Amino acid sequence: MSIITPRAARTTAAVLAALALGAGAVACDSASAAPTASQGSGAPAQGASKDDGADAGTGAAQSGTPAEEGTNGGKAQNDDGINPSDEAAKPSGAHCATSEIDFDFWGPHGGKPDMEQSKYQQSVTVRLTNHSKRTCTLKGFPGVQLVSAKGERWDLARSGARPDPITLKPGDDIAHIKFTVMPTTDPGTKSFVPQDVVMTLPDETKQITLPWEYGGAIVEQSGAMHPGTFVDPIGL
């Protein structure tokens, strides 16, 4: 049987206390080495800034907003890249409207049909002038109707000529309505005495009336298969 003296008991207690203190220090070091929620876990720290368009908290790249997609300088575009506002301003060149054209009788070098002849056909020309501010096009046969003082009306037959387009810039007067008449001075011939000429441009319904300036009479052939009086397509 061993006897523990008071001095030995104090020494043993001191050793045990030292061992306990060392174990506590090791535990503290282990706890400080454990990762926190913002270290090594892959989750961004709270309040972190976004880079390269990444969405905070998700890591996903941001897509373009609807206002940014399909635009060019803030203007919406069609599939072919044309801005609707630009598409609305279509280029000139559509057919000429009646309201854009002036009509007047015209003859080269002051010439005019001689209605005193009975053997030869005569040409009548009406000049067309574009008084609008845009370029437009004329193509096709005009409607030409002769009207007598009694109100009789004669719609002229069309010739076999081929229509070609004629482009008129603002101020141009290069297009003409041309029709051929067969005058007569024979009192025994059925005749038509014109007082007015009524004209309608291709693709238009508005009519323009000019007083007949040349006098005389025309052989009445309104029902003939190949009359000597007829209209050509609009030409130069």
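Reader: Why is Arg127 called partly exposed?

Author: Arg127 has a relative accessible area of 23%. Buried means under 20%, exposed means over 50%, and partly exposed is what lies in between (1.4 Å probe, protein chains only). The value for Arg127 falls in between, so Arg127 counts as partly exposed.

Reader: Before we go on, what kind of model is this?

Author: This is a predicted model, in which local features need pLDDT of at least 70 and side-chain atom pairs count only at pLDDT 80 or more, while totals for chains, interfaces and linings use all residues. Residues are numbered from 1 along each chain as its sequence is written, and side-chain values use heavy atoms, with hydrogens and water left out.

Reader: What makes the contact of Arg127 with Asp104 a salt bridge?

Author: A salt bridge needs a side-chain nitrogen of Lys or Arg within 4 Å of a carboxyl oxygen of Asp or Glu. The closest N and O atoms of Arg127 and Asp104 are 2.9 Å apart, so the pair qualifies. This pair links distant parts of the chain: Arg127 is in strand β4 and Asp104 in strand β3, 23 residues apart. Helices (H or I, at least four residues) and strands (E, at least two) are DSSP runs, numbered from the N terminus. Asp104, at 24% relative accessible area, is partly exposed.

Reader: How do you know that Asp173 also forms a salt bridge with Arg127?

Author: Here the closest N and O atoms are 3.9 Å apart, which is still within the limit, so this counts as a salt bridge. Asp173 lies in the loop between β9 (166-168) and β10 (175-181), and Arg127 in strand β4, so the pair ties together parts that are 46 residues apart in sequence. Asp173 has a relative accessible area of 34% and is partly exposed. Together, Asp104, Arg127 and Asp173 are linked in a network of salt bridges.

Reader: How many salt bridges does a search of the whole structure find?

Author: The search finds 4. One of them joins the side chains of Asp164 and Arg162, at 3.4 Å from N to O. Asp164 is partly exposed at 37% relative accessibility, whereas Arg162 reaches 65% and counts as exposed.

Reader: Why is the pair of Phe105 and Trp212 called edge-to-face?

Author: Rings of Phe, Tyr and Trp (its six-membered ring) pair if their centres lie within 6.5 Å; planes under 30 degrees apart count as stacked, over 60 as edge-to-face and the rest as tilted. The structure holds 4 aromatic pairs. For Phe105 and Trp212, the centres are 6.4 Å apart and the planes stand at 90 degrees, so the rings pair edge-to-face. Phe105 belongs to strand β3 (residues 101-105) and Trp212 to the loop between β14 (207-211) and β15 (217-219), 107 residues apart. Phe105 is buried at 12% relative accessible area, and Trp212 is buried at 10%.

Reader: What makes Phe105 and Tyr214 an aromatic pair?

Author: Their centres are 5.3 Å apart, inside the limit, and the angle of 70 degrees between the planes makes this pair edge-to-face as well. The two are 109 residues apart, with Phe105 in strand β3 and Tyr214 in the loop between β14 and β15. Tyr214, with 16% relative accessibility, counts as buried. Phe105, Trp212 and Tyr214 form one aromatic cluster.

Reader: How do you know that Cys96 and Cys136 form a disulfide?

Author: A disulfide is a pair of cysteine sulfur atoms within 2.5 Å. The sulfur atoms of Cys96 and Cys136 are 2.1 Å apart, so they meet that rule. The structure holds 1 disulfide. The link of Cys96 and Cys136 is right-handed, with 95 degrees about the S-S bond. Cys96 sits in the loop between α2 (84-88) and β3, and Cys136 in strand β5 (residues 136-138), 40 residues apart. Both cysteines, Cys96 and Cys136, are buried.
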